[in-house]
Amino acid sequence: MAQVIIAVLANAGGVGKSTLSVHLAYEVSKRKHKVALLDLDPQRSLDVFCGLEAVEAENTMTKVLAKDFKGDWVLVSAWDEARIEVCQGHPSLADTSNDLVVRKRGEYTLADRLHKYPLPHDVVIIDCPATLGMLNVNALAAATNILVPIQLEMKAISGAAELLEWCINTSEELQLDPKPSIMGFVPSMYDEAIAMHRQYYSQLPAIAEQLNVKLYPKIRSSNEFKNASAHGLPLHKYRNKHPACKDFKQIADDVVKLIKSK
(Lines give C-alpha, C1' and ligand atoms only; values in the text may rest on other atoms or scores of the structure.)
Protein backbone atom coordinates (compact mmCIF):
# COMPACT_ATOMS: atom_id res chain seq x y z
CA MET A 1 0.00 0.00 0.00
CA ALA A 2 1.30 3.46 -0.92
CA GLN A 3 2.19 5.74 1.97
CA VAL A 4 1.41 9.42 2.43
CA ILE A 5 4.70 11.35 2.68
CA ILE A 6 4.39 15.09 3.27
CA ALA A 7 7.32 17.47 2.89
CA VAL A 8 6.91 20.76 4.75
CA LEU A 9 8.93 23.06 2.52
CA ALA A 10 9.88 26.73 2.56
CA ASN A 11 12.87 28.57 1.14
CA ALA A 12 13.39 30.71 4.24
CA GLY A 13 13.87 30.15 7.94
CA GLY A 14 11.51 31.15 10.73
CA VAL A 15 8.31 30.74 8.71
CA GLY A 16 6.75 28.09 10.93
CA LYS A 17 7.80 24.81 9.29
CA SER A 18 8.45 22.97 12.54
CA THR A 19 5.37 24.43 14.22
CA LEU A 20 3.27 23.16 11.33
CA SER A 21 5.00 19.75 11.20
CA VAL A 22 4.61 19.09 14.93
CA HIS A 23 1.02 20.28 15.33
CA LEU A 24 -0.11 18.54 12.17
CA ALA A 25 1.46 15.31 13.44
CA TYR A 26 -0.36 15.69 16.74
CA GLU A 27 -3.72 16.44 15.09
CA VAL A 28 -3.43 13.43 12.76
CA SER A 29 -2.41 11.15 15.64
CA LYS A 30 -5.52 12.21 17.56
CA ARG A 31 -7.50 10.70 14.69
CA LYS A 32 -5.94 7.30 15.47
CA HIS A 33 -3.27 7.34 12.73
CA LYS A 34 0.43 6.59 13.22
CA VAL A 35 2.79 9.43 12.26
CA ALA A 36 6.55 9.45 11.64
CA LEU A 37 8.30 12.83 11.87
CA LEU A 38 11.62 13.00 10.00
CA ASP A 39 13.90 15.95 10.83
CA LEU A 40 16.06 16.84 7.82
CA ASP A 41 17.13 20.14 9.38
CA PRO A 42 20.77 20.29 10.62
CA GLN A 43 19.49 22.75 13.25
CA ARG A 44 17.33 19.87 14.60
CA SER A 45 14.30 22.01 15.37
CA LEU A 46 12.19 18.97 16.20
CA ASP A 47 14.39 18.22 19.22
CA VAL A 48 13.16 21.46 20.75
CA PHE A 49 9.52 21.14 19.68
CA CYS A 50 9.29 17.50 20.80
CA GLY A 51 11.25 17.91 24.03
CA LEU A 52 13.95 15.47 22.93
CA GLU A 53 17.57 15.31 24.07
CA ALA A 54 20.19 15.70 21.33
CA VAL A 55 21.63 12.33 20.26
CA GLU A 56 24.69 11.06 18.39
CA ALA A 57 24.65 11.17 14.59
CA GLU A 58 24.26 7.38 14.28
CA ASN A 59 20.83 7.68 15.93
CA THR A 60 19.49 10.33 13.53
CA MET A 61 18.57 11.02 9.89
CA THR A 62 22.32 11.24 9.21
CA LYS A 63 22.47 7.46 9.58
CA VAL A 64 19.38 6.96 7.37
CA LEU A 65 21.07 8.87 4.54
CA ALA A 66 24.46 7.19 5.02
CA LYS A 67 25.75 4.76 2.36
CA ASP A 68 25.75 1.79 4.73
CA PHE A 69 22.17 2.17 6.06
CA LYS A 70 20.52 -1.24 6.42
CA GLY A 71 17.01 -0.28 7.48
CA ASP A 72 17.64 0.06 11.20
CA TRP A 73 15.65 3.26 11.71
CA VAL A 74 16.06 4.87 15.14
CA LEU A 75 12.70 6.32 16.12
CA VAL A 76 11.79 7.85 19.46
CA SER A 77 8.32 8.47 20.81
CA ALA A 78 7.28 12.12 21.05
CA TRP A 79 5.50 13.22 24.25
CA ASP A 80 4.94 9.56 25.22
CA GLU A 81 2.46 9.32 22.36
CA ALA A 82 2.58 5.81 20.93
CA ARG A 83 1.30 7.04 17.56
CA ILE A 84 4.01 9.71 16.99
CA GLU A 85 7.65 8.78 16.43
CA VAL A 86 10.56 10.99 15.47
CA CYS A 87 13.77 10.33 13.57
CA GLN A 88 15.87 13.19 14.85
CA GLY A 89 18.05 15.67 13.00
CA HIS A 90 21.74 16.39 13.55
CA PRO A 91 24.26 19.11 12.55
CA SER A 92 26.18 16.51 10.51
CA LEU A 93 23.29 16.55 8.01
CA ALA A 94 25.03 19.59 6.50
CA ASP A 95 28.00 17.38 5.60
CA THR A 96 25.65 14.63 4.43
CA SER A 97 24.07 17.13 2.04
CA ASN A 98 27.46 17.77 0.43
CA ASP A 99 28.13 14.03 0.19
CA LEU A 100 24.80 13.41 -1.55
CA VAL A 101 25.76 15.83 -4.33
CA VAL A 102 28.50 13.50 -5.59
CA ARG A 103 26.81 10.20 -4.79
CA LYS A 104 25.04 8.11 -7.43
CA ARG A 105 21.29 8.47 -6.95
CA GLY A 106 22.11 11.09 -4.32
CA GLU A 107 18.90 12.98 -5.06
CA TYR A 108 16.81 9.85 -4.46
CA THR A 109 18.51 8.57 -1.28
CA LEU A 110 15.61 9.26 1.09
CA ALA A 111 13.05 7.98 -1.43
CA ASP A 112 15.14 4.81 -1.84
CA ARG A 113 15.32 4.31 1.93
CA LEU A 114 11.58 4.72 2.39
CA HIS A 115 10.94 2.32 -0.50
CA LYS A 116 13.40 -0.38 0.50
CA TYR A 117 12.93 -0.05 4.27
CA PRO A 118 9.38 1.31 4.64
CA LEU A 119 8.16 2.76 7.89
CA PRO A 120 4.99 1.22 9.38
CA HIS A 121 3.28 4.59 9.83
CA ASP A 122 0.18 5.90 8.05
CA VAL A 123 1.87 9.17 7.22
CA VAL A 124 5.45 10.46 7.17
CA ILE A 125 5.98 14.20 7.74
CA ILE A 126 9.36 15.61 6.69
CA ASP A 127 10.47 18.82 8.42
CA CYS A 128 12.83 20.38 5.87
CA PRO A 129 15.72 22.84 6.17
CA ALA A 130 15.37 26.46 5.06
CA THR A 131 17.62 26.24 1.99
CA LEU A 132 16.75 24.55 -1.29
CA GLY A 133 19.81 22.30 -1.29
CA MET A 134 20.26 18.55 -1.64
CA LEU A 135 18.35 17.70 1.54
CA ASN A 136 15.25 19.43 0.19
CA VAL A 137 15.75 17.76 -3.19
CA ASN A 138 15.67 14.45 -1.28
CA ALA A 139 12.48 15.49 0.51
CA LEU A 140 10.85 16.45 -2.80
CA ALA A 141 11.84 13.15 -4.45
CA ALA A 142 10.45 11.16 -1.51
CA ALA A 143 7.23 13.13 -1.02
CA THR A 144 3.74 12.38 -2.26
CA ASN A 145 2.54 15.81 -1.09
CA ILE A 146 3.99 19.22 -0.20
CA LEU A 147 2.83 21.83 2.30
CA VAL A 148 4.18 25.38 2.07
CA PRO A 149 3.95 27.62 5.15
CA ILE A 150 4.00 31.33 4.26
CA GLN A 151 4.80 34.27 6.46
CA LEU A 152 2.70 37.36 5.79
CA GLU A 153 5.31 39.62 4.28
CA MET A 154 6.06 40.45 0.66
CA LYS A 155 9.38 38.63 0.47
CA ALA A 156 7.83 35.43 1.81
CA ILE A 157 4.84 35.57 -0.54
CA SER A 158 7.00 36.09 -3.64
CA GLY A 159 9.32 33.38 -2.28
CA ALA A 160 6.41 30.93 -2.12
CA ALA A 161 5.75 31.39 -5.83
CA GLU A 162 9.46 30.81 -6.53
CA LEU A 163 9.34 27.69 -4.35
CA LEU A 164 6.47 26.27 -6.40
CA GLU A 165 8.47 26.89 -9.56
CA TRP A 166 11.46 25.13 -7.98
CA CYS A 167 9.26 22.15 -7.06
CA ILE A 168 7.89 21.88 -10.60
CA ASN A 169 11.27 22.27 -12.32
CA THR A 170 13.11 19.94 -9.93
CA SER A 171 10.37 17.29 -10.22
CA GLU A 172 10.76 17.39 -14.00
CA GLU A 173 14.56 17.23 -13.83
CA LEU A 174 14.34 14.23 -11.49
CA GLN A 175 11.67 12.67 -13.76
CA LEU A 176 9.47 12.01 -10.73
CA ASP A 177 6.45 9.90 -11.61
CA PRO A 178 4.09 10.67 -10.09
CA LYS A 179 5.20 14.17 -9.21
CA PRO A 180 4.43 15.25 -5.63
CA SER A 181 1.19 17.17 -5.30
CA ILE A 182 1.14 20.64 -3.72
CA MET A 183 -1.40 20.31 -0.89
CA GLY A 184 -1.53 24.04 -0.29
CA PHE A 185 -0.21 27.24 1.21
CA VAL A 186 -0.48 27.68 4.98
CA PRO A 187 -0.40 31.35 6.11
CA SER A 188 1.51 31.27 9.38
CA MET A 189 2.12 33.57 12.35
CA TYR A 190 -0.84 35.79 11.45
CA ASP A 191 -1.45 38.74 13.77
CA GLU A 192 -4.78 40.52 13.26
CA ALA A 193 -3.37 43.62 14.98
CA ILE A 194 -0.68 44.11 12.31
CA ALA A 195 -1.97 46.06 9.29
CA MET A 196 0.61 44.52 6.95
CA HIS A 197 -0.57 41.02 7.91
CA ARG A 198 -4.19 41.95 7.18
CA GLN A 199 -3.19 43.48 3.85
CA TYR A 200 -1.12 40.52 2.62
CA TYR A 201 -3.63 38.01 3.94
CA SER A 202 -6.37 39.69 1.90
CA GLN A 203 -4.21 39.30 -1.24
CA LEU A 204 -3.41 35.62 -0.71
CA PRO A 205 -6.64 34.10 -2.11
CA ALA A 206 -6.05 35.74 -5.51
CA ILE A 207 -2.38 34.66 -5.51
CA ALA A 208 -3.27 31.08 -4.57
CA GLU A 209 -5.96 30.96 -7.26
CA GLN A 210 -3.52 32.31 -9.86
CA LEU A 211 -1.01 29.61 -8.89
CA ASN A 212 -3.79 26.99 -8.70
CA VAL A 213 -2.91 26.10 -5.11
CA LYS A 214 -5.26 25.55 -2.17
CA LEU A 215 -5.11 28.18 0.56
CA TYR A 216 -5.57 26.86 4.09
CA PRO A 217 -6.95 28.91 6.99
CA LYS A 218 -4.34 31.03 8.74
CA ILE A 219 -2.35 29.86 11.74
CA ARG A 220 -2.38 32.72 14.19
CA SER A 221 0.62 34.23 15.91
CA SER A 222 0.68 33.50 19.62
CA ASN A 223 3.34 33.62 22.28
CA GLU A 224 1.80 30.41 23.58
CA PHE A 225 3.39 28.55 20.66
CA LYS A 226 6.79 29.73 21.91
CA ASN A 227 5.89 28.87 25.49
CA ALA A 228 4.72 25.40 24.45
CA SER A 229 7.88 24.68 22.44
CA ALA A 230 10.00 25.91 25.37
CA HIS A 231 8.39 23.08 27.32
CA GLY A 232 8.93 20.68 24.38
CA LEU A 233 5.19 20.32 23.85
CA PRO A 234 2.60 21.00 21.14
CA LEU A 235 0.08 23.67 22.05
CA HIS A 236 -2.60 20.97 22.37
CA LYS A 237 -0.71 19.45 25.32
CA TYR A 238 0.44 22.75 26.80
CA ARG A 239 -2.89 24.63 26.66
CA ASN A 240 -5.52 22.46 25.03
CA LYS A 241 -8.25 25.09 25.32
CA HIS A 242 -6.26 27.70 23.39
CA PRO A 243 -8.15 28.72 20.21
CA ALA A 244 -5.02 28.29 18.04
CA CYS A 245 -5.24 24.52 18.59
CA LYS A 246 -8.07 24.51 16.04
CA ASP A 247 -5.97 26.24 13.36
CA PHE A 248 -4.52 22.91 12.16
CA LYS A 249 -7.82 21.04 11.88
CA GLN A 250 -8.53 21.51 8.17
CA ILE A 251 -5.03 20.48 7.13
CA ALA A 252 -5.27 17.38 9.35
CA ASP A 253 -8.68 16.56 7.85
CA ASP A 254 -7.11 16.62 4.37
CA VAL A 255 -4.19 14.44 5.49
CA VAL A 256 -6.63 11.86 6.89
CA LYS A 257 -8.50 11.88 3.54
CA LEU A 258 -5.18 11.21 1.79
CA ILE A 259 -4.42 8.33 4.17
CA LYS A 260 -7.85 6.78 3.57
CA SER A 261 -7.51 7.13 -0.21
CA LYS A 262 -4.21 5.20 -0.32
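**Stop one: the cysteines**

Count the disulfides here, taking one as a pair of cysteine sulfur atoms within 2.5 Å, and you get zero. Select Cys 128: it is in no disulfide, and the nearest cysteine sulfur, in Cys 167, sits 9.4 Å away. Cys 128 is also buried, at 0% relative accessibility (buried is under 20% relative accessible area, exposed over 50%, partly exposed in between, with a 1.4 Å probe and protein chains only).

Now jump to Cys 245. Its sulfur is 16 Å from the closest cysteine sulfur, in Cys 50, which is too far for a bond. Cys 245 is buried too, with a relative accessible area of 5%.

A word on what you're looking at: this is a predicted model, where local features need pLDDT of at least 70 and side-chain atom pairs pLDDT 80 or more, while totals for chains, interfaces and linings use all residues. Residues are numbered from 1 along each chain as its sequence is written, and side-chain values use heavy atoms, leaving out hydrogens and water.

**Stop two: a pair of helices**

Select residues 17-30, helix α1, and residues 249-261, helix α11: they pack at about 60°, with axes 9 Å apart (helices are DSSP runs of H or I, at least four residues, numbered from the N terminus; axes are lines fitted to C-alpha atoms over the stretch in contact, and angles run from 0 to 180 degrees between N-to-C directions).

Show side chains next. Leu 20, Leu 24, Glu 27 and Val 28 of α1 meet Lys 249, Ile 251, Ala 252, Val 255 and Ile 259 of α11, contact meaning heavy atoms within 4.5 Å.

Technical notes. Helix = DSSP H or I, 4+ residues; strand = E, 2+ residues; numbered from the N terminus.
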